[in-house]
Protein chains: 4
Amino acid sequence: MAVSQIPMMEKYVDVFQLGARNMQNFNLLRAIGETRTPVLFKRGMAATIEEMLMASEYILSGGNTRVMLCERGIRTFETATRNTTDINAIPVLKKLTHLPVIIDPSHSTGDSGYVSAIAKAGVAAGADSVIVEVHNDPANAISDGKQSLTLEAFAKMVKQVRAVAEAVDRRLVLQHERA
Amino acid sequence: MAVSQIPMMEKYVDVFQLGARNMQNFNLLRAIGETRTPVLFKRGMAATIEEMLMASEYILSGGNTRVMLCERGIRTFETATRNTTDINAIPVLKKLTHLPVIIDPSHSTGDSGYVSAIAKAGVAAGADSVIVEVHNDPANAISDGKQSLTLEAFAKMVKQVRAVAEAVDRRLVLQHERA
Amino acid sequence: MAVSQIPMMEKYVDVFQLGARNMQNFNLLRAIGETRTPVLFKRGMAATIEEMLMASEYILSGGNTRVMLCERGIRTFETATRNTTDINAIPVLKKLTHLPVIIDPSHSTGDSGYVSAIAKAGVAAGADSVIVEVHNDPANAISDGKQSLTLEAFAKMVKQVRAVAEAVDRRLVLQHERA
Amino acid sequence: MAVSQIPMMEKYVDVFQLGARNMQNFNLLRAIGETRTPVLFKRGMAATIEEMLMASEYILSGGNTRVMLCERGIRTFETATRNTTDINAIPVLKKLTHLPVIIDPSHSTGDSGYVSAIAKAGVAAGADSVIVEVHNDPANAISDGKQSLTLEAFAKMVKQVRAVAEAVDRRLVLQHERA
């Protein structure tokens, strides 16, 4: 996503996704701040929670308050999973800000076998939303197949996440986006 | 805990706690392997999941199979919490081993305000057990006061963790240890 | 630095500096690749050496081969210095690529008291160049004062780096840029 | 190395080597503090410089002041080398303590091809000593062959390190230990 693409995108997209690699691309943040399009704001893989909040201010201070903060895993020494889900970030963010907090277990684990467990963990820890990658044929996906759920696995996950959500007095609503 | 203390401890203690700093103290691991006392085996703060499993083999190969693996947070660049709870480690360990997996949100967050959220996350992710620090007067605790729950907060946490446990088809049983 | 600034900058600047936060800003990398202006390419603070080389290919494949790779410190758990100088990266990069390798001890330590030691270390390890921040009045600098050398400290450093350079059969040549 | 081995070792060894995994084995630190044998004190792979100095106090406070601090690499996200040499630690330690500071490029890189470059870097940064692994037949070494220098490579390294040492007004003296 680049600054020059914003005018065109603004007409068609429901939500901008600010990728982890762009979290401190301040020109882009300022340009998004000038719009009123909701933003899925992803934490940089080596960004502290404080830096994440500071960077989000570039959007908020432009008047665009429709920012959703997304924990998508940080880079650590552990290599058993592609990233390390910083689950602590969920209650920390909920304490420090009123913005909605999202967990992205597909990227934070990089492995479809662990997505459901971490989706449940995120909701139990207080996340307001879960974003997951689903593909009708993960083995032949052009990208991110390893971390994508099949439709069957997704249906099973939804059922489980719904039960956990209710256990923490939340209610699950489904939305989808086409890749 | 030292090798020389094992014979005396063996008579009185229900469970050895192998601290994170001793996770690769191979003399101690071998000595514990010679006993039949259960062991709470805590992950070293910079140990990979693979190293954790390899080190636990020093105990298992001595014939002591009563090993419980405990995720208690790893060291990363993030300083908003004392450690980073590696929540991914819960489903990874459940996949790689049949040993019970415990989460320790008191150490993995270092902050009593986040303990309940992470306890729930751990159980939602598949942990078999939660270990938490409780103190009747945390402000005056000799150690670890910042991360200790009051009795009231603990009671509230138990209620919430129980609800999450049931949502993932588990049942909560209470046990306690005196510090 | 943004894509839209390139046409104007191209007329005046001797070298583009691609900052650490832009190392994986692929739109920008491609645009720089279309120019023939030399690029000081700084490693992202959580980028692996492999990712650094892969990202530099976006510039090289556009035909701009005037890329200088710069180690400016990575993010780790250590907080005694602002970043951790990955000194290993110097011989690793010299082995993997023919591009010139630069060390930036001002950013990699964040402390003027350590700049000279790390400048010498970088040259001893094989760096082709050193880039340092100098200010005539660091205490009142608008930014980066803490890591800036005074003119006197810089003169002293140059003398010492020259001696180390000669010890490893290199020769020191001075160039400067105005902030 | 275990507490129980100290009385026997004390009679024969010139220097105790406290390995990285034992850096916070406080029983062992206290026992070494009771002796007057010099100690090669290796930094734990996830220990901060501050923790390293605090742990060394367990030895010093027992009256054994013959402690040598050794930087042997820390664990980070970078995997191009086995560990990341924290070269910043050299000038930081020289500033914070009067104890001798050693660099161990064999462990801090894990690769014989990088040992000489990092040995030179360490001396240039102010290290008082370098410790390296040498083997007459690295390919068939029982352990650590990958990071061991051949006799020829060692001789070449000594010549280069000597030149750097002289450039920073130090003088190189050789000592050896048999594995």
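**Symmetry and chain packing**

Modeller: Of the residues of chain D, D:Ala121 comes closest to the rotation axis, its C-alpha being at 2.0 Å. This is a predicted model, in which local features need pLDDT of at least 70 and side-chain atom pairs count only at pLDDT 80 or more, while totals for chains, interfaces and linings use all residues. Residues are numbered from 1 along each chain as its sequence is written, and chains are lettered from A and ligands numbered from 1 in the order in which they are written.

Biologist: What rotation superposes chain D on chain C?

Modeller: A rotation of 180° with 0.0 Å of shift along its axis does so, with an RMSD of 0.0 Å (least squares on the C-alpha atoms of residues with pLDDT of at least 70 in both copies). That is the relation of a two-fold axis.

Biologist: Which residues of α6(C) meet α6(D)?

Modeller: Among them are C:Ala117, C:Ile118 and C:Ala121 of α6(C), and the α6(D) side includes D:Ala117, D:Ile118 and D:Ala121. Contact requires C-beta atoms, placed from the backbone, within 7 Å. Ala, Val, Leu, Ile, Met, Phe, Trp, Tyr, Cys and Pro count as nonpolar, Asp, Glu, Lys and Arg as charged, and the others, Gly among them, as polar.

Biologist: How many residues of chain D are in contact with chain B?

Modeller: Eleven residues of chain D are in contact with ten of chain B. On the chain D side, four are nonpolar, five polar and two charged.

Biologist: Turning to the fold, what is the strand order in chain B?

Modeller: Chain B has an open, parallel sheet of five strands, ordered β1-β2-β3-β4-β5 (strands pair if DSSP finds at least two bridges between them). Its edge strands are β1 (16-18) and β5 (129-130), each pairing on one side only.

Biologist: Where does B:Leu18 find its bridge partner?

Modeller: In β2(B), where the partner is B:Phe41. Three bridges link β1(B) to β2(B) (residues 39-42) in the parallel sense.

Methods. Contact = placed C-beta atoms within 7 Å. Helix = DSSP H or I, 4+ residues; strand = E, 2+ residues; numbered from the N terminus.
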